[in-house]
Amino acid sequence: MLFSLFATMMTEPDLYCDNCGRRCDAGESYCTGCGTSLSQTSTPVADTVDGGEVLWTPVHVAVGLFLFLGLLIAAAFIARGVGPLYLAHEQALQTWVGVHLLALCAGAVIWFMGARRAVSPVRALGLVMPRTSLGMSAALALGALAASILATFLYGLVVDSLGLESLRPPEIEDATIFPGIGILLTLQALAVVTPVSEEVLFRGFVLRGLLPSIGAGPAVVASALLFSVLHLEPRVMIPIFITGLALGLLYVRTGSVWPCIAAHAGQNTLALLAVRFL
């Protein structure tokens with residue numbers, strides 16, 4: 001299903017509702033999201049004239065990600081400096097602080113590089129109801145989650161079979177998780193804050209910013225590549241790239257960042273629970 005959707009994106013022009021910015025299927029007379037009549041003049045990108053507009057360009061995306069990289073490095077140093085304040089669980093505190101600092105950095109970049117100029121920043125960033133039904137949206141999110149988990153599993157098998165231990169994805173260390181009831185703090189950081197901040201940044205800001213200029217297929221690939229590279233960990237770049245592709249396709253199909261957040265949160269939650277309880 002993912003491959004057929006990607007092929008369709010590469011061959012058919014995208015049509016977006018001029019009112020809410022949702023991607024609509026060819027032949028539809030009305031937007032399934034807001035009910036607006038779709039005319040021949042509906043723009044082929046999500047560059048609409050109300051709260052769903054995208055007022056940033058690939059240049060804004062590039063500058064924003066460059067700034068985010070600098071802020072990311074600064075946040076890592078701050079988190080490392082805060083860790084010793086709680087020596088009993090230093091790594092867990094570093095992780096928790098780092099996640100929240102990165103979320104603030106992502107929010108600042110998104111706001112100043114584009115969202116602040118929108119009538120409705122929330123809608124402009126794709127935080128709208130999916131254009132697909134609730135059941136279909138859930139099924140697609142589960143499909144993206146399954147594709148990501150399968151890709152990570154197969155990548156690990158290939159790396160092991162080739163004896164490339166240096167490229168094996170690192171496992172989550174138990175020390176990065178608060179003990180006991182404190183695991184709720186770790187879940188809040190890694191299964192809530194991280195999915196929201198990363199999906200709004202890479203799907204809501206990056207992908208939506210690239211769509212008007214280069215089209216859905218190339219935009220999904222480019223955003224997935226940036227998503228992978230900015231994790232700054234060579235051992236996970238390939239599986240994260242595949243995850244980025246799945247999440248990008250999920251956004252294009254549903255017209256909403258929320259299913260992407262749900263799939264991302266599901267993967268992080270499963271990974272954390274596996275480390276703690278398996």
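Helices here are DSSP runs of at least four residues, numbered from the N terminus. With that in hand, take leucine 232, which sits in the loop between H7 and H8. Please keep in mind that this is a predicted model.

So, leucine 232. Its phi is positive, about 55°, and it is not a glycine. Most residues other than glycine have a negative phi. Is leucine 232 buried, exposed or partly exposed? Its relative accessibility is 47%, so it counts as partly exposed. Glutamate 233 is partly exposed, at 21%. Arginine 235 is partly exposed too, at 29%.

Now helix H2. It covers residues 58-82, which makes 25 residues. At 1.5 Å a residue, the helix should span 36 Å, and its end C-alpha atoms are 35 Å apart, so the two values agree.

What does H2 bury? Val61, Gly64, Leu65, Phe68, Leu72, Ala75 and Ala79. Those residues pack against three helices: H3 (90-113), H6 (183-214) and H7 (216-229).

Val59, Val63, Phe66 and Leu67 make a nonpolar surface patch, with about 410 Å² of accessible area together. Leucine 67 belongs to H2. Its relative accessible area is 42%, so it is partly exposed.

On to the interior. In soluble globular proteins, nonpolar side chains tend to be buried together. Here, the largest nonpolar core has 44 residues. Phe68, Leu201, Phe205 and Leu250 have the most contacts inside it. Which elements give two or more residues to this core? They are H2, H3, H5 (134-161), H6, H7, H8 (237-254) and H9 (258-277). H6 supplies the largest share, eight residues.

Look at leucine 201 in detail. Setting aside neighbours within four places in sequence, it contacts Leu65, Phe68, Ala106, Ile110 and Val206.

There is a second, separate core, of nine residues. Val99, Ala189, Leu190 and Val193 are among them. Threonine 194 is in helix H6. Its relative accessibility is 11%, under the 20% cut-off, so it counts as buried. Beyond its neighbours within four places, threonine 194 contacts Val99, Ala189, His264 and Asn268.

Salt bridges next. The whole structure has four. One of them pairs arginine 276 with aspartate 174, with the closest N and O atoms 3.6 Å apart. Arginine 276 is in H9, while aspartate 174 is in the loop between H5 and H6, so this pair ties together parts 102 residues apart in sequence. Both ends are partly exposed: arginine 276 at 23%, aspartate 174 at 45%.

Another bridge is local. Glutamate 199 and arginine 203 meet at 2.8 Å, N to O. They are four residues apart in H6, so about one helical turn separates them. How accessible is glutamate 199? Its relative accessibility is 0%, so it counts as buried. Arginine 203 is buried as well, also at 0%.

One last stop, in the loop between H2 and H3. Alanine 88 is found there. It is exposed, with a relative accessible area of 58%.

Terms used. Residues numbered from 1 in each chain as written. Predicted model: local features only at pLDDT ≥ 70, side-chain atom pairs only at ≥ 80, totals over all residues. Heavy atoms only, no water. Expected span 1.5 Å × (residues − 1). Buried < 20%, exposed > 50% of the residue type's maximum accessible area, 1.4 Å probe, protein only. Contact = heavy atoms within 4.5 Å. Patch = residues over 30% accessible without salt bridge, like charges linked within 9 Å, V, L, I, M, F, W, Y side chains within 5 Å. Areas by Shrake-Rupley, 256 points an atom, 1.4 Å probe, with all protein chains shown as cover. Salt bridge = Lys/Arg side-chain N within 4 Å of Asp/Glu carboxyl O. Core = buried A, V, L, I, M, F, W, Y, C linked by side-chain atoms within 4.5 Å.
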